[in-house]
Amino acid sequence: MTTTEEFDTAVLYSLLLKGRASTSSIAAAIGATEDATATLLEASAAKGLVLLRTGRISGWLLTPEGRAHVGDRIDTEKSAVDRATMGALYDDEFLRLNSRFKELCTHWQLKGGNVESELTRIHEANLVLLERFTTSAPRFARYVPRFVGAYDRFSGGDATALLQPMRESYHDVWLELHEDLLILLDRQREEGD
Amino acid sequence: MTTGPYSDYLGVPELLGLQRPRTDVPDEYLFIVTHQALELWFAEALHEIDQVIDAMGHDRLTAARHGVRRLHRIVRLWLAHIDVLDTMPAKEFAAFRPALGNASGLQSGQFRELELASGLARDGVLRIARAVGSDDANVRRRAGNASLRRAFLDLLDRAGTTVSQLYRPEAPDDEVRALAEDLVEYDMVFSQWRYRHYLMVLHAIGVAPGTAGSEGFSYLRKTLDKWFFPELWSARSMSEKPPPAAVPLVVPLDGSVTADRAVLGGKGWGLQQMNQLGIPVPPAFTLTTRACEDYFLHDRVLTDEVWTQVLGQLEMLERRSGLRFGTSPSLLVSVRSGAPVSMPGMMDTILNVGLTHASADWQVEQLSAPLREAFPDLPTLVALDAEGCRAEALAQLRSAICRIFDSWHSDRARTYRQANAIPDDLGTAVTVQAMVFGNRDELSGTGVYMTRNPITGEAAPFGEWLPRAQGEDLVAGKRTPLPLAELSNQQPEVYRQLIAIGQRLERAHRNVLEIEFTVESGELFLLQARNSSSSAVAAVHWAVDLVHEGLIDISEALSRVPADWLPPTTEDAAVDASAVDAVATGLGVSPGFATGWVVDDADEAGDFADIGKPVILARPTTSPHDIHGFLVAGAVITERGGSTSHAAVVSRQIGLPCVVGCGDGVVKKLLGKFVSVDGSTGAVYEGDLTTRRKAAPPSPQIACLLRWRSESQPGEVLS
C-alpha cells in the first residue's frame, strides 16, 4: 500500500465491512495514522461517497454512491485474484477454523474456562492461513497486525480483547475477515453463523 | 584448674591446654574451639561407622540401623556448631586469618577418612588428600578398608538380592530396605553439612556466592554433588516409575487390561474409564507412551514388534465392528494423540484413516478430499484391486501413527513444553478407534445430550439431535438441530439407553455431563463426556439437587456456585408461557427481557435509538455491519444460527437478550411490529408483555442454597 488511491479504497472497503465505524477504528484497520485517515474520509465525504452520522452510535458510513463505488473496486479485485485457490482455502480451512473459534468463544462465555491454549492454536493456524490468502490477495496482510494486536492484548490480561464488539477485539477482526471473504468469493454465510 | 577423678578421667587440663590462639583477636578462640570440637566429633563418627560396618558384616540389621541413625544425629550436631561460628564477623576472621598460615579445613585428615569410610570413591579422595598434604597413614589405611557402601552391597549380595530389587514396587518393606533408607538419609544430612560448611566459608570470608575465585571455593562447590550411595538414589527414583519392561506397547481398550493415564494418554484413558462403566464406545486400542519412547529409540521407526501388535489389535477392531480395514465393507479409524495437554504443533487427530476405493461410494465421495490432504505424501485412493486397497489402508494407518509420534518432537511442541515446564520425555500415546457414521442411513445421527437443563437447571434431559449427520455438522452449525426429545420419538430404545447411561455417568462423575453421541444404524455410541457448562441459575439447581441425591456434600455444592451469585430479581422474570402464544420461537441464547419495535437494519436501529424509541434488531444472520445495531437495540432476533453463532456470542458479551434460529421468514413477519423478547425461553411475543411476566418466587433450590450459604458464614458477633 503506497498510493493515496490504495488508501482511499482501503478506507471505503473497511467501511463496507464495518457498516459504521469511527475514524480511529478505520485507521487501525487500514494501518494508517488517525490524522491521515481523517483527511481521506473528509475527501471522500466531499465526493459524496461517505457521510458522518451522529447520535448514540456515531460514525462514518457509506452513501449509496460510496457503496456503488466500492462495488466497482471489488469487481476489479475479483477478476484480479486467484479466487479458485482462495475459495478452496475458505472451504477447507477457514470454515473449520471458524467453527473452532466460535466454539471457543461460546465455551469461554458459558464456562469461563481457560481458553488460552486453544486460542493460541487457532491464532497460529489463522496466521498461517492469512499468509496463504495473502499470496492471492496481498491486501489480506493487513489483518495480521490486527489479529496479533488483539491476541497480544488478550494474552496480556485484557479480557475484552477477545469478544467486546466494536473495540477491535479478536472477534471483531474475525467477523470482518469472514465478511471480506464472503464478499470476495460470492459466498453466503453458513446457516449456523 | 580443677583436678580429681572427673578431670583425670576426661583429661580436662590437657584438653583445655590445647587452645592456642596466635593473635589477640577475641574470636580466634571460638574458631579454634569449634574446629577442635568438630575434629572430636569426626573421630566419634568414624568410631560409629566402624561399629556399623562390623554389624552389617555380621548381618545384624537392627544394630546397624541403630548406628546409622546415631550418625544422623551426630552430623546434625555439626550443623549446630556452624550456627555459632556464623556469628563471627568477616572482618574478625580477616584479622587473624593471616596467622593461620597454610592451615586449611581442607587438610582435615579425619574428614577424608569420613568420606572414605562412608563410601566415596577412593581415588578421588586420595587425590585431594595428597594435594593438600593430608594423606597420612590413617587416611591410607582407611582407603584399604571396607566402607559403609561396600558393607551394605555385600550384605545385599549375601541376602541374594540387589539394590534395584530392593526398590521394586512389589518388594517387601523389610529391615533391609529400612536400612537402605537410613543410609540415604545419612547421605542427605551429610550433604546438608557440606552445603552448610560451604555457606559458612563464604560468610566468614565475606564474598558473594559464585564470585569466589579461590580453588578452595570451587572445590567446596564441587563437593556438593558428592554422594556416598549413588546406586540407592538411582534405584529409589526408578521405583517411582513402573519398570519400563512392565508397560505394554499396545493396549486394547476393551476393559481386559487396565493402565495408567500416563501410559494411555488422556484420550485412551477416558475410553478405558467409559469401558469400565459399561458404556458403549466405538472399539479402540492405544499405542502407549512406551511405544512412543520405543519409536524415538529406533530413530523414528515403528518396530516390527510394535507394528505386529498394532495389526493384532486392528484385527480385534475388525471382529468387533464386523467391518474390514481396507476392504468391503470398510472399517475406517480415527487416529488421535493422547498428549497430556493439547499443545501447539502437536498433531491432534487424523480422521477417516483406511479410506480406499474399497470403501462405500458415499464415504469415498464425502471423505476423500480431507484424507488426501491428510496424507499428501502417500498414494491415497489410487489402488483399485483388493490387495492394493488393503496395503494402501495399512500404509495410511502406519503413517498416521508415526506423524502423531513425530509431532511430539516438533519444534513448536518442544518450545511450548519448555515454556510451560512440561518434561520432554513424557511422550504421547496414540489411540486408534473405529469410526462410526451418524450420516450412514436414516437410523443414524449425532447429538449432544446434557444430563440436566443447562439454562433452567431442571433435572430433565436436554440437548440436540441431528439425524443423518456427523459430529462436525453439529459443531459447524450448518444445519439447525432438533431438540433431543425428537430422538425419543424416532428411536425410543436408543433414547432410553442414552438417558440411562447419562444417569450412570452422573453418579460416577458426581456432576452434570455434556455427552457427545452418535447413532449408527440404530446402535448408540458415546464419543465424549465432559462436565457441562451452565447458566448461573442452573448451577444452583444442579448443586442443590446433587446434594439431595447424595452425590455431593453441601460445601461442595456451595463451591460450585460463584460466591458473588445473587438470586434473579423480578426484572429477569419470564413471561408466563401458558397465558399467551408466542409469535416466534427460537433458541434463547442470552437471557433477559426487552420490548421494542422490530427493524431489520442496524442503521435504522440507530435512528430509532436516537429519537428514544425502543428497538429490536431482527436479522436473517449476523455480519459485522450489524454489530453497531446491537449496541443500541434492546434485543436481537435471528432467523438462522445456534448457540455458537456470532449473534449469540456478541449478545452474551454485552448482556443483550438474544433469540437465534427462529426460522426463515421471521424477519419479514415481525418487521414494524412491537414485540416482547424473552432471551431465556427463546420466545418472542407480539405487544408489550412487561406486565404479563410472572415474578416467580425463588425456586426451592435457590431458597435452599441461600440458606446453606448463610449457615456456612462464620457467626456474626453482635456489638
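**Ground rules.** I kept in mind that this is a predicted model, where local features need pLDDT of at least 70, side-chain atom pairs count only at pLDDT 80 or more, and totals for chains, interfaces and linings use all residues. Residues are numbered from 1 along each chain as its sequence is written, chains are lettered from A and ligands numbered from 1 in the order in which they are written, and side-chain values use heavy atoms, with hydrogens and water left out.

**Entry: strand β5 of chain B.** Four of the five residues in β5(B) are buried, that is, under 20% relative accessible area with a 1.4 Å probe, protein chains only. I then looked for its partners; two strands pair if DSSP finds at least two bridges between them. β5(B) pairs antiparallel with β6(B), residues 349-353, over three bridges, and five bridges join β5(B) to β7(B), residues 430-434, also antiparallel. I followed B:Arg336 to both sides: B:Thr349 is its bridge partner in β6(B), and B:Thr431 stands opposite in β7(B).

**Entry: a five-strand sheet.** Next I traced an open sheet in chain B with the order β10-β9-β8-β11-β12 and antiparallel pairing. β10 (482-483) and β12 (523-531) each have a single partner strand, so one side of each is left without a neighbour in the sheet. Helix α22(B), residues 492-509, packs on this sheet and touches β8, β11 and β12; contact means heavy atoms within 4.5 Å.

**Entry: two helices of chain B.** I looked up α6(B) (109-118) and α11(B) (175-205), which pack at about 155° with axes 13 Å apart. Axes are lines fitted to C-alpha atoms, for helices over the stretch in contact, and angles run from 0 to 180 degrees between N-to-C directions. The two helices are therefore roughly antiparallel, a label for angles over 145 degrees. Among the contact residues I found B:Phe111 of α6(B) and B:Trp193 of α11(B).

**Entry: across the chains.** Which helix of chain B packs with α9(A), residues 170-185? I found α27(B), residues 646-654, at an angle of about 160° and with the axes 12 Å apart. These helices are therefore roughly antiparallel too. A:His171, A:Trp174, A:Leu175 and A:His178 meet B:His646, B:Val649 and B:Val650.

Note on methods:
Buried means under 20% relative accessible area, exposed over 50%, partly exposed in between (1.4 Å probe, protein chains only). Angles under 35 degrees count as roughly parallel, over 145 as roughly antiparallel, 65 to 115 as roughly perpendicular and the rest as oblique.
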